[in-house]
Amino acid sequence: MLDRRQLLSIAAAAPLLGAPAILKAQSWFASYPFALGVTSGDPSPDGFVIWTKLAPRPFDPHGGMPMVPLPVKWEVASDDRFRTIVASGEATARPELGHSVHVEVSGLQPDRPYWYRFALGSDLSTRGRARTLPPPSAAPQSLKFGVAGCQNYQDGYFTAFRHLAREDDLAFVYHYGDFIYEYTERGPDYDKDGLPVAQVRQHIGQDCFDIADYRLRYAQYLSDYDLQAARARHTWFPTFDDHEVANNWVGDIDPKGAPADVFRLRRQAALQVWYEYMPVRAAMLPRDGLITDMYREARYGDLLSIDFLDTRSFRTDQPCGDGFKTHCAGIDDPKGQVISAQEEAWLLRNLSRKQAKWNCVAQQVMMMSLDRRRYADEREKIYNLDSWAGYEAQRSRLLARMKGLDNVVVLTGDEHQNFAGLLDDGDRTVAVEFVSTSISSGGDGSDLRAGSDRMFQNNPQLKFLNDQRGYLVCEVTPDAWQSRFMVMDRVSTPGGAIAKRATITVPRGQPGLSIA
């Protein structure tokens, strides 16, 4: 690789677009600088964000990059051979942000695909594909998009992402979080019989606490070509859950008990690195240690209005010490909140506007309050207190405001299982919820976990349950919402096959579920 003095000289005196031919022709690095791929995200009717990151040696400190800013050329084309360039320019990859590049492309045509790429010297990135949204005034008759998340590198291969990349005509992918897992397992995994088995893959490095730790973990995940394929093929709406920072964190509370001012330093480092690796807009750059604009909305013409929630940053502490427990007084605390008062007011305003045929609430933790008992010796109801079930006052307020809309679909992750069920305000069904399983977290799984029959018996609102890995494909028309649960036969070895486990339909105006 060129030494620091040479790179400084090049960066200062010969920007890429205006450099002499000899500089354009050379490769600036001994290794490929775009090793972590490309992606696009946060689409709008006239554009999207395109992303890459310079990392010729991804596992070295700073990705093998010198500590200088470098100019990166980018192009957007209307065809996959780049014969018609519709936008181009130069962005600066800065060391302060890990030499990541976020370009907010605008001025494009609505509701159509585009292709993009980056260049540094003579090195060209992988070609990516992105898609704009239709304008709010449009009346699209169909929409297809994907839902995915929870991808523990140690638990299995990311083959599901390869299959997701091959899904045709997805307008976008909603990623509900847990892009990385911040901890490193020590010791074996255990199979369904409780017997020790080897972990499928090993994390590099220790548990994540500082910027270097988190950057290394993301670099390892994005060195997986199945994940790179899905990121390059589709445009993403990314959100985060807990493992991007620490398991079950909320607000400035560390579940392992670090002081709040110390934990805020860890959270700041984690959210900075999340921003560095995600195709999101500059408005989502962390400020004062938080990403205050993570909750946001998008429209797909008059067909779908989507509200993406942040269920971690402003949540009060989990009641009763967190975990899976029986009822306690904290569940009914009127001050308990999953989302802030400002976010709640924003969501309720959006739902009440009735600006689209369907309302989608895209978020991270289950909104159904399920009785989690699975075994005969469990007498009292058990709740997951890291879900909305631990915050009944705010949950009830939201469900009450959904009453009468009859077009609300909630999309969720986190559970490492597939669920479909009804959301009830105490009087009637007001919405439906689809919970998408994990990409790899939890390992191979099986069709049903032990005790699933009791789950169905104790939860009449629960209509579908499955314990395999995979993703969700949603197809929306003015008259119906259809969710296809796509599941893997295995993730413990490469090459797993994907299959449709169930197709569940929601008729507009009648919140209910029909399973095929």
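How many disulfides does a search of the whole structure find? The search finds one disulfide, and the points below take up that bond, the overall form of the model and a few individual residues.

1. The model is a predicted one, and its secondary structure consists of nine helices and 27 strands. With a radius of gyration of 23 Å against the 24 Å that the globule rule gives for 516 residues, the protein is as compact as a globular protein of that length. Along the principal axes, the C-alpha atoms fill a box of roughly 75 × 55 × 45 Å.

2. Of the 516 residues, 60% count as buried, while the accessible surface comes to about 19500 Å², with 50% of that area belonging to carbon and sulfur atoms. Among contacts between residues at least 6 apart in sequence, 70% join residues at least 24 apart. As to charge, there are 59 positive and 66 negative side chains, and the centres of these two sets lie 4 Å apart.

3. The disulfide joins Cys-320 to Cys-328, and the S to S distance in the model is 1.3 Å, a value that the reader may wish to look at in the coordinates. The two partners fall into separate accessibility classes: Cys-320 counts as partly exposed at 29% relative accessibility, whereas Cys-328, at 19%, counts as buried.

4. Cys-150, by contrast, is in no disulfide, the nearest cysteine sulfur being that of Cys-474, 16 Å away. Cys-150 is buried, with a relative accessible area of 0%. For Cys-208, the closest cysteine sulfur is in Cys-150, and the separation of 16 Å is too far for a bond; Cys-208 is likewise buried, with a relative accessible area of 0%.

5. Gly-63 is located in the loop between β2 (47–53) and β3 (70–77), where it is buried with a relative accessible area of 7%. Once residues up to four places away in sequence are set aside, Gly-63 touches Ala-55, Pro-56, Arg-57 and Pro-58. Val-487 is 424 residues from Gly-63 in sequence, and their C-alpha atoms are 34 Å apart in space.

6. Phe-314 belongs to the loop between β15 (304–308) and β16 (324–325), and its relative accessibility of 24% makes it count as partly exposed. Leaving out neighbours within four places in sequence, Phe-314 is in contact with Leu-290 as well as with Gln-337, Val-338, Ser-340 and Glu-343. Ala-341 lies 27 residues from Phe-314 in sequence, with 9.0 Å between the two C-alpha atoms.

7. Asp-406 has a positive phi of about 60 degrees although it is not a glycine; it is found in the loop between α8 (392–402) and β19 (408–412), and at 16% relative accessibility it counts as buried. Asp-414, also not a glycine, has a positive phi of about 75 degrees, and its place is the loop between β19 and β20 (418–424). At 13% relative accessibility, Asp-414 counts as buried.

Terms used. Residues numbered from 1 in each chain as written. Predicted model: local features only at pLDDT ≥ 70, side-chain atom pairs only at ≥ 80, totals over all residues. Heavy atoms only, no water. Helix = DSSP H or I, 4+ residues; strand = E, 2+ residues; numbered from the N terminus. Rg over C-alpha atoms; globule rule 2.2 N^0.38 Å. Buried < 20%, exposed > 50% of the residue type's maximum accessible area, 1.4 Å probe, protein only. Contact = heavy atoms within 4.5 Å. Areas by Shrake-Rupley, 256 points an atom, 1.4 Å probe, with all protein chains shown as cover. Lys, Arg positive; Asp, Glu negative; His and termini not counted. Charge placed at Lys NZ, Arg CZ, Asp CG, Glu CD. Disulfide = S-S within 2.5 Å.
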